[in-house]
Amino acid sequence: MRFSTLTLLICCTLSCLAWPTERPFKVQVIEIKDEVWPKMIIEGPIATDPLTAVALYYDLDNQHSYIPDLPISLPIKHLSPTEVHTYYERKLPWPFEKGVYVNGTTLEKLPNGHRVKWYQVYNPDSLEATGSATFVAHPEGSWMTYETFVRPKSFFAGIIKKIFQKETLAALYALRDHVESVSKHSPDLTDKYRQYILQAYRGVAPYEPIIKENATKIERIQKEISKLDQLKAEGKVEL
């Protein structure tokens, strides 16, 4: 039995991310009976206001520009102005092919901030993936509370549980660096994604123009996923 692409994804991503030297996040690791991986809750400040923080976290079509080994992040379907399905491709080392998955995200306005929830739509390496990121007002700008739970398929996933935890934490430090850097140095990009959030709250689907522009590519992606599902059902491919 081989290691899954989920295992490789974690190991490869971890090698690309640096650890911070200050402003550490608070981390809770909650073990769940009969589950291979724990639930994680990670909290900490981000030096920008909650609207900017959620906007630069929710930049679904731009995530490929700063997440390591992620060449494609493409919104493919609006279920509502505040709910989107996004397709991702992940580079994997030879001899493995690319990893592909689709996540759904929902955006919610809170009295003092914003929340993004996500859920797994398609992933051949996990049975379930859910979580949320909440951004509320804080003296330093925003306070982020990030929750995640993944139920992997691979028998080997338990071996890399600690790696999964470290990778998740490192990815959030990289996210904070991205949000703070863009909000400080790229006002046009910041305003673009702030407007996306405000449009969604007004009932306008912000990613619809991108989805229409990429209609041909999205149709190809959907056919590719359907083909993988069919091959899996016939037992002709190990996912």
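Which residue's side chain meets that of Arg-23 in a salt bridge? The partner is Glu-180, with N to O at 2.7 Å. The legends below describe this pair and other close-up views of a predicted model.

View 1. The side chains of Arg-23 and Glu-180 meet at 2.7 Å, N to O. Arg-23 is partly exposed, at a relative accessible area of 30%. Glu-180 counts as buried, its relative accessibility being 15%. A search of the whole structure finds 8 salt bridges.

**View 2. Arg-151 and Glu-128 form a salt bridge.** The closest N and O atoms of Arg-151 and Glu-128 are 2.2 Å apart. Arg-151 is in strand β8 (residues 141-152) and Glu-128 in strand β7 (residues 126-138), and the pair, 23 residues apart, links distant parts of the chain. With a relative accessibility of 26%, Arg-151 counts as partly exposed. Glu-128 also counts as partly exposed, at 27%.

View 3. Glu-219 is partly exposed at 44% relative accessibility, whereas Lys-223 is exposed, with a relative accessible area of 55%. Elsewhere, salt bridges that share partners join Glu-35, Glu-128 and Arg-151 into one network.

**View 4. Gln-120 and Asn-103 lie in strands β6 and β5.** Gln-120 is in strand β6 (residues 113-122). The side chain of Gln-120 makes a polar contact of 2.3 Å with that of Ser-126. Beyond its neighbours within four places in sequence, Gln-120 is in contact with Val-102, Asn-103, Ser-126, Leu-127, Glu-128 and Ala-129. Asn-103 is in strand β5 (residues 99-110). Asn-103 is buried, at a relative accessible area of 17%. Not counting residues up to four places away in sequence, Asn-103 touches Val-84, His-85, Thr-86, Tyr-88, Trp-118, Tyr-119, Gln-120 and Val-121.

**View 5. Helix α2 is largely enclosed by the rest of the structure.** In α2, 8 of the 8 residues are buried. They are Pro-50, Leu-51, Thr-52, Ala-53, Val-54, Ala-55, Leu-56 and Tyr-57. These buried residues pack against strands β5, β6, β7 and β8 and against helices α3 and α4. Asp-49 caps the N-terminal end of α2, with a side-chain oxygen 3.2 Å from the backbone nitrogen of Leu-51.

**View 6. Helices α2 and α4 are roughly perpendicular to each other.** Helix α2 (residues 50-57) and helix α4 (residues 187-201) pack at an angle of about 95 degrees, and their axes are 8 Å apart. An angle of 65 to 115 degrees counts as roughly perpendicular, and the pair is therefore described in this way. On the α2 side, the contact is made by Leu-51, Thr-52, Val-54, Ala-55 and Leu-56. On the α4 side, Thr-190, Tyr-193, Arg-194, Ile-197 and Leu-198 take part. The residues of this contact of α2 with α4 comprise 7 nonpolar, 2 polar and 1 charged.

**View 7. Helices α3 and α4 cross at roughly 110 degrees.** The axes of α3 and α4 come within 6 Å. The two helices are therefore roughly perpendicular to each other. Val-182, Ser-183 and His-185 in α3 meet Pro-187, Leu-189 and Thr-190 in α4. Of the residues in the contact of α3 with α4, 3 are nonpolar, 3 are polar and none is charged.

**View 8. Ser-65 reaches the backbone of Asn-62.** Ser-65 lies in the loop between α2 and β3 (72-80). Its relative accessible area is 48%, and Ser-65 is partly exposed. The side chain of Ser-65 reaches the backbone oxygen of Asn-62 at 2.7 Å.

Conventions: Residues numbered from 1 in each chain as written. Predicted model: local features only at pLDDT ≥ 70, side-chain atom pairs only at ≥ 80, totals over all residues. Heavy atoms only, no water. Salt bridge = Lys/Arg side-chain N within 4 Å of Asp/Glu carboxyl O. Buried < 20%, exposed > 50% of the residue type's maximum accessible area, 1.4 Å probe, protein only. Helix = DSSP H or I, 4+ residues; strand = E, 2+ residues; numbered from the N terminus. Polar contact = N/O pair within 3.5 Å; in protein donor to acceptor, adjacent residues only side chain to side chain. Contact = heavy atoms within 4.5 Å. Axes fitted to C-alpha atoms, helices over the stretch in contact; angles between N-to-C directions. Parallel < 35°, antiparallel > 145°, perpendicular 65-115°, else oblique. Nonpolar A, V, L, I, M, F, W, Y, C, P; charged D, E, K, R; others polar.
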